[in-house]
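Colleague: Thanks for sitting down with me over this one. Could you take me through how the chains meet and what lies inside?

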Amino acid sequence: MREFLKIALNLFVISLVSAGLLGVIFTHTEATRKRNEQARLEQSMSRYLPANAGAVRFAAIHRYLVEEGGRSDIGYVLPVRGGNALLVLDPEGNVLSKTPVAGPVDDEAERDAAVKRALSGGEARYADSYILALDSSGRRLASFIQGRTAGFKTWVKLLVALGPDNAVLGLEILEHEEDPGLGAEIEQEYFRNQFAGRTLAELNALGVVKLPLPDDYRRCLERSKWAARGINPQAETAVCEKYAHEDIHAITGATISSRRVTEGVKRLVQAFVKRMDIVESAAAKAGLEPAFSPEGR
Amino acid sequence: MRASGLATFTLGGVHPPGRKESASGLAIEPMPPVSRYLVSLVQHCGAPAAPLVKKGDAVTEGQRIGSVDKGLGAHVHSPVSGKVAGLARTLHPVLGPVPAVAIERDPEAGPAIWTPRDWEHLPPAEILAAIREAGVVGMGGAGFPTHVKLSPPPELTVDTLILNGAECESYLAADHRLMLERAPGVVQGARVLLAVLGVPRCRIGVENNKKDAVEALRQAVSDAGEGARISVEPLVVKYPQGSEKQLIEALTGRRVPAGGLPAHVGCVVQNVGTAFAAYEAVALGRPCFERVLTVAGQGVARPANLLCKVGVCLSDIAEHLGGITEEAVKCVLGGPMMGFAVPGLEATVGKTTSGVLFLDAWESPDADFGPCIRCGRCLEACPMGLAPNEMSIYAERRKYEGTQRFGLWECFECGSCAFVCPAKRPLVQFIRASKARLRCGCKL
Amino acid sequence: MSEGQHYTVLERLANGLVRENPIFKLALSMCPAVAMTNNVRNGFLLGLAVLFVQVASNVTVSIFRRFIHERIRIPAYIIIIATWVSVSDMGLAAYAPGFYKEIALYVKLIVVFAIIISRLEVFASRNTVWPSFWDGMGMGLGFMFALMFVGVFREFLGSGSLWGIELLPFKPFFFWSLPPAGFFAIGLLMALFLWLERRFNAWRGRK
Amino acid sequence: MSPRLWKVGVAPHVRDNATVAGIMWTVFAVLLPQLFLSAYVFGPRVLALAGVGVGTSMLAEAAMQRLLGKPVSLSDGSAALTGLLLVYVLPPGVSLVLPFWGAIFAICIGKQLFGGLGFNFFNPALIARAFLAVGFPVAMTTTWIMPELPAFLAGPDAVASATPLALLKHSGLAAYLAQYGGPHGLWASFLGFKPGSVGETSPLLLGLGGLYLLWRRIISWHIPVAMIASTALLAWVFGPEGLFTGQPLVHVLSGGLILGAFFMATDYVTSPSQPLAKLVFGAGCGALTMLIRLKGGYPEGVCYAILLMNCVSPVLEDWVRPRRFAPPLKKD
Amino acid sequence: MSRRLLWALLALLLLTAQASAAGRILDGEVSGEHELTLTLGLALPADWQWQGNVGVVERESPDIPLTVESARLEQNGRVLVLTLAEPVSSQSAYDLSLRPSAQEPAEKFTLRKGFLALLFSIVIGAALIQNFVFSRYLGLCIFFGASGRKETAVGMGFSFILVMTLSAVFVWAVYNFVLRPLHLQFLQVITFVGIIAIFVQFLDTVLRKVNPFLFKKLGVYLVLITTNCIILAVPLILVNNAYDLWESLALALGSGAGFALALFLMACVRERLELADIPEVFRGLPIAFVVAGLFALAFLGFSGMSF
């Protein structure tokens, strides 16, 4: 029995010490991790901002699905003057409720808890977030939409960057499980950059063609290699312009992936534009003052 | 095959080229006497017989010159009258050099006289003793002493005697001719064996390519008035119909369990030649020193069915039949599927020699063997439902232990698998090697 | 040094790198060697994490080897390894977030790598701190070397680049950068090493 | 009589005249009509593909056997057959590099590394195809050639840009039927005037070849019949409009099913040898084919179905042993 | 026999049954890239107008209605096939509303994959499509170590499935009831490994006492299991994907079965390899790696499969 106690104590001490050690290290690294991640995100987003933008603020709109009594409504966590607010709208865009959200909203777990507190009843499920880059006056410099679309095999996670006029600034593929060499080429620049510069109207009518990608177009699309290949950016702009209003050239052997991604981008952007309209008008109706606005304050 | 109404066995089986035409129409002719006979003392399974004569002794035809008193074996008798030239060695196809008795024939000696005996009233034990005395062994090829086979373990009941006239091996026609020309003797032999065993039923199985033999036997049966006890049944032509277990299944539908005797399913199987020898031994008192054998193949000038005494040298036979051709490459004792190739013509005829085949290169092609391609033909061909391909692969890698899973010990080496193998693998050799290694218990 | 055995630094390193190379010789902990070696960088980072965990656990165990009770030594080792794995996991997540994403699962799985616990059991629990440190270094470096070696092979053949730097303007053999090629790469390299070793031994025997 | 050397050898002293080389070359010859049809339909480059495939695989076989110190056995035809079958599962428009690397992979990795003929677990041609499918994905999915139909088959709207099965998978049954549904389309599909791999287009020629092999008893009926039957059954059961509405003919005549059933799945080495096991093997091939075609990521599933069943083949071989003549004697 | 058939039928019924079925719409499924098929309990009249009477939204975005391009009634109005402008996927859920006539209120229906179908797809996914050994390249040490003999492989496979399933349930419970509420996620690796080690030890002790026969068969493998990547990877994956209890169980079962299958197939092949004439330097592990690579190529056949 004494032997047993001794062993148990031994093990207990070891566990305790390691748990303590981990706790200490965790508290130190966690803050750094979050900071670095945020910085990385912002850095990758600021690539799409104009060079002369000056001080940029990032604000996020988080969308929740609010389910109560068999109906689904939508809750937006908006940055408003003096904090955040939860705005619940029905699918048609009518305001159901607005409540201030207490507590930080950057961390998902904390935000979930805060939304739950702000909500009188019903269940809230996190859906997605829009990140807005705002200048000092609250004008939207760029919007970043994260979302997913069905690929050839499983889901493809996308990040679309939109300019203030809702024209596409760029597309990034965050996650995918497409076939290497085929569908996986969607993450290559020569495919993604074809979306850059499309206006909303162009995007609405955008299709996919099964034509081989012209060599000069490909060269101009592979922007990150310009420097290494000694290409003059000015000379390439003209080439890009030549092709910029054609349909998307599908990846060879992966027409379906190309088409699905294109459709996904279209739908994500269309939904974003519609939702922003609704949110802005609903916020005005509800008497909220969002931290962003199309024309600034 | 069943549609033909003929009986046969169910699993496996192959159809090697028959090539019986050359010999099946030839009547049995006696082999003329030769000057010197070399009588092997191992003409049966079991230990060599102990010689009873020494150099210089005079022997008469039918005199016992070797005897087996203990263990498995059969007595050996002198095929001629003459003088013992000495104890020598002769070549046994499996065991190699074995002891033998060389006898110089005395050209002056007259033919031996045999006194018939009224065996019908003898008790079974005495008939059995007469068979033992005459040194009768299984004439089909294995050479199992007949008197042993006729004394099944007392706890097993035997209800059927089966006479094996299938002669499924290619080339051979010795049994065919015997059944055709000596049908009354064969039937009498059956009666002798029935008397010994005391069973009510005898079935003679004959492959259907010997229709005339079937007719002859049927006639002999009815002549002997034995129609009620003895029946002659034609069988499908398929190799290995003449194997004991396959024949039992074909005729009775019973399957001898693995590791069991025919008596376990109530049967005793004897070759028709054995039956004839038993008849001669019991009714005429003539010991077993003579048999019918087929000499055939492209390599011999004239094929024949010879009534040949044991101890005759193969070269004498070849000479008698006009010599062998230049193309002959192989000399096989027995049938081509299970017989043994001998390295030289010094070998002698024994009680079990059912044929002597001189084959040329076309008849017995030689090919290097390749790896097993798992085509499964041997599985289809194996009459015992074994997996020769797997056994050969294990044996080739010297993992002999592994072969037992696939039924190594049930294999009776009929050669069907090796016959069909497109990779020409010597499957039988692999199986024999495995058996030998495992028996002697040595690794590698 | 303790237990009457003498280990030189060089010997310990050579042991891990060549004689008892965890991947090519002992064939332990091969999951990352197959899955994470289609480029050099992943191989290096994962190797670094393993190196850290191996050295840290070796040192920890050799320090506390008298304290740890004989009968619970395996659970205790596992806890120690898990602690250091968590530390490296959190460290990588915090300071190398970009690279961490690709190898996150494998970093956590270092806990169950047989090579680490076997070194603790075989070496660190019987030796003092300094040899244990070098033993861990040897093993960790051997692991890292093997991973990077396979990585170099596959990245160069698969994408014509090394450490993400384009060396060839085309992809010589796209197949090699695919996940299933890891099995072939290791199988072939293992056979190659065996062959070289045989040749080397034969050559030395002749001399 | 002069002393002469007699050959000794173990029984049996007579042998059947079937040989491995005979079997392999027969299969090779039986496959050739389809090659000529493809050369006519897709153009003479098909012959160049076949030449590279067969030539490379024979060279690779000889080189590997030399390297490993074994006797070179090109005459048995297995390497040539592997090369031909490999070309048969490639799209006709691929560059000559593909059969080259494919044949090297098939022979060196897929076959000789395991000890050569008789010991490989995967059909070398198919495993090489799987290798090419991941190694050269674009070429393997896009280089189909659209045949020009002869006059008697030309339908009104004979324009397609994909293989029948790709059409079926990605555009649905309606699109498929528009192309291959009418009597013209059905005939074109049956005779071999449709896009597809080099050696899979003509169910007619392949079927006749298969029947010849059956008649010669080179292959047994179990695998082809089980494979085609299970494919047809599942195609019928899991139809596009609910249960029991499918069109089995669509799936049986399209893609490589006939080629696979008669020439790939029946490969001696990589399939089991017992009748029952063969039935299971064939049924499994068919079921997996339909599973991949209906639910999987590829329009065609025969190649992977056979490869997956090859994985299972040793297990089947082990489970289904020949029925023994009789059980062992019970010892009392 | 008949009872077994009955069970099979029952299981089939359960599998095909949809989670929510009430009202007019009995069942629905994604029947094509742009197509939804609904089975109706009450037939719709032949002259029913679909324009304005049927609506479809993705469950995640109720505010963005999908465009119904056409709707057609089949089988006397019992089956309604909707064609949409946007592609639909069986992986997501859709809210449908259907108004049979202007007078009646709209009826709601949620079209999503049935619960059992979901579990089934997780099991198949973990066992075949994303087989841990051949597609995710985990558990290789044990895979190569224990696949030499068939008996070993079977023993290892069974022990593995057992430990895997039980420990996954425990891990799920501990993570969801202890670690997450207390925000101790950073302890997950150490906790999971601890749970697995304790579990293996516990099983070892219990088996030794309760079923010595089974212990004799499986005991050796139990210790090895602690150093298997998969046993830790599965808890990490189920935590990452926020699976519920049943999903976790399905994942554990599937991955255990997949690993056991891989092990068994490999063992059969390796037993045959021993008889093969393999080049000297490839004997043993190198050839085993090549075989595993070929298996991985063959298992690519499952890739992209979805149920």
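Modeller: Happy to, and please keep in mind that this is a predicted model. Between chain B and chain D, 19 residue pairs are in polar contact, with both partners at pLDDT 80 or more.

Colleague: Which element gives the most to the side of chain B that touches chain D?

Modeller: Several elements of chain B give two or more residues to that side, including α7 (244-252), β17 (355-360) and α13 (427-440). The one that gives the most, with five residues, is β15(B).

Colleague: How much area do chain B and chain D bury between them?

Modeller: Let's start with the residues: 72 of chain B are in contact with 39 of chain D. On the chain B side, they divide into 40 nonpolar, 15 polar and 17 charged. Carbon and sulfur atoms hold 58% of the buried area, and the total is about 4700 Å².

Colleague: Which side chain of chain D does B:Arg374 meet in a salt bridge?

Modeller: The rule finds two salt bridges across this interface. In the one with B:Arg374, the N to O distance is 3.2 Å, and the partner is D:Glu317.

Methods. Residues are numbered from 1 along each chain as its sequence is written. Chains are lettered from A and ligands numbered from 1 in the order in which they are written. This is a predicted model: local features need pLDDT of at least 70, side-chain atom pairs count only at pLDDT 80 or more; totals for chains, interfaces and linings use all residues. Side-chain values use heavy atoms; hydrogens and water are left out. Contact means heavy atoms within 4.5 Å. Buried area is the accessible area (1.4 Å probe) that two parts lose on being put together, summed over both. A salt bridge is a side-chain nitrogen of Lys or Arg within 4 Å of a carboxyl oxygen of Asp or Glu. A polar contact is a pair of N or O atoms within 3.5 Å; within protein, one must be able to donate a hydrogen and the other to accept it, and residues adjacent in sequence count only if both atoms are side-chain atoms. Helices (H or I, at least four residues) and strands (E, at least two) are DSSP runs, numbered from the N terminus. Ala, Val, Leu, Ile, Met, Phe, Trp, Tyr, Cys and Pro count as nonpolar, Asp, Glu, Lys and Arg as charged, and the others, Gly among them, as polar.
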